[in-house]
Amino acid sequence: MFNNNSVSISVSDDESDELSRARARVRKKRKKLGIRNNGNGLSRWLIRKLLKYWMFLILLPAAALLLFEVSSFVVSPHAGKSQNSSGSEHSSIKKLSQEKKSEGNLNRLDPTTRVVGGVRERCLKLLPPEELDHLDIPSSKESTSPVRELVYISENNTPFMDRNIALSGQSTNATRFNLFTGNQSLDQRDNSFKVNATAAVHCGFYNQNGGFKISDEDRDYMLSCKAVVSTCAFGGGDDLYQPIGVSAASIRKVCYVAFWDEVTLATQESAGHKVGEDGFIGKWRIIVVRNLPFSDQRLNGKIPKMLGHRLFPHAKYSIWVDSKSQFRRDPLGVFEALLWRSNSVLAISEHGARSSVYDEAKAVVKKNKAKPDEVEVQLTQYRKDGLPEDKRFNGKKALSEASVIVREHTPMTNLLMCLWFNEVVRFTSRDQLSFPYVLWRLKVLKNINMFPVCTRKDLVNSMGHLRKAKPLIH
């Protein structure tokens, strides 16, 4: 019927529908395969593997951690063969971290600031450099203090002695009092807080054979000091940091004295820090003390910290800096800013964390800085004496930090420091516990500058203790 050469194939409607459905099934099937391979299939595969090998995946990091911990206890063959030289890797890492921190803080002169009333200002407001160079130690002024004269009780000072006490030959096994301190009775302790025109008090150096021996040459140097910055390191605990930020006037007029014992001298010399023929290392005059009176090095350190007026009898002003810190401000400028400008006789930093003696006692015990029974004896006595739990005395924070002490040497401040020293000898060497008590008992001393923590941070670069001080073995 058709004239052309084309071939026609007739397809019924049923066949056409069946072919379309078949093609659709093929396309749909291929689409599912693609999705499964790219997404859900991969997820299912990972889940199956995790379920199959979950135990192995947990044990692998645990084994790696165990290997790391075991390796930290392996001692290097170059670490020495004695038992004392086999310290763990953890202590080495801690020491390295401390040294890096110290290196980061060393010689920093940048000021410490705080925000007051929305304005950022410097914590310690020193005079400008041109004025610092012209500062001088002021001449003596007539004191209005109720204490005009301070008498130090000694073995030869019999008028102030209890007749029933024989101090020199007394056994000191049950007490920390000794020939250096004199054995202060509780009655003498109470009487020492009574303010009179002439006050008598135990204040160390009780007996010439009590210890803390200094050479005549060093003693002569100390007698020449009118103003002094002092520190100490006993038992080889800390390095010596050179003061910075010092004016030319202060270099001429202020002594820098570091008290060492023979252990610290040997430790520093072995590290290459040699004392010069003139007795100096940098700005510091090194005073080597022999025959320290206490086995507890913390107590030995309280002697130059609290009894500077006895070590430097001609000095009118002093700054104490803990050995863990680097002093970084001009001392004459500090006297002006913290004492002269505010008409204060003592400047000491507030405690940064706590305000109450009783709260501090709990922290001392918790941190194992003193024995619980010793602390309890001290608190029991303070409660008996009526020390309140007030967190402020005379409008000032009760608790001090005491790593930096700036003071004028007056009979009143000298009395306070003697009383403070006697408390740390009688009870614990944690001087933060006893300072508020002494301040509370000595109610007439009110012109004290309790400066904030940020001011203390501006005064020093905190380096931290590098080594544990070696105890003294008699």
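Select C123 to begin: this cysteine is buried, at a relative accessible area of 10%. Keep in mind as you click along that the model is predicted. Now jump to C454, another cysteine, and you will find that it counts as buried too, since its relative accessibility is 14% and the cut-off for buried is under 20%.

**Next stop: the sulfur bridges**

How many disulfides does a search of the whole structure find? There are two. A disulfide is a covalent bond between the sulfur atoms of two cysteines.

Select C203 and C418 together. These two are joined by a disulfide, with an S to S distance of 2.0 Å. Look along the S-S bond and you have a left-handed link, at -75°. The pair connects distant parts of the chain, 215 residues apart: C203 sits in the loop between β4 (198–202) and α5 (216–223), while C418 belongs to helix α13 (residues 411–426). C203 is buried, with a relative accessible area of 0%, and C418 is buried at 0% relative accessibility.

Now move to C225 and C255. Their sulfurs form a disulfide at 2.2 Å, S to S. Is this bridge left-handed or right-handed? The torsion about its S-S bond is about -105°, so the disulfide is left-handed. Colour by secondary structure here: C225 lies in the loop between α5 and β5 (227–233), and C255 in strand β6 (residues 255–260), so the bridge ties together parts that are 30 residues apart in sequence. C225 is buried, its relative accessible area being 0%. C255 counts as buried as well, at 10% relative accessibility.

**Last stop: a serine in a helix**

Select S192 and show its side chain. This residue is in helix α4, which covers residues 186–192. Is S192 buried or exposed? S192 is buried, because its relative accessibility is 3%, against a cut-off of under 20%.

For a distance label, pick a polar atom of the S192 side chain and the backbone oxygen of R189: they lie 2.6 Å apart. Then bring up the surroundings. Leaving out residues up to four places away in sequence, S192 touches Q184, A200, V201, L415 and L419.

Definitions and conventions. Residues numbered from 1 in each chain as written. Predicted model: local features only at pLDDT ≥ 70, side-chain atom pairs only at ≥ 80, totals over all residues. Heavy atoms only, no water. Helix = DSSP H or I, 4+ residues; strand = E, 2+ residues; numbered from the N terminus. Buried < 20%, exposed > 50% of the residue type's maximum accessible area, 1.4 Å probe, protein only. Polar contact = N/O pair within 3.5 Å; in protein donor to acceptor, adjacent residues only side chain to side chain. Contact = heavy atoms within 4.5 Å. Disulfide = S-S within 2.5 Å.
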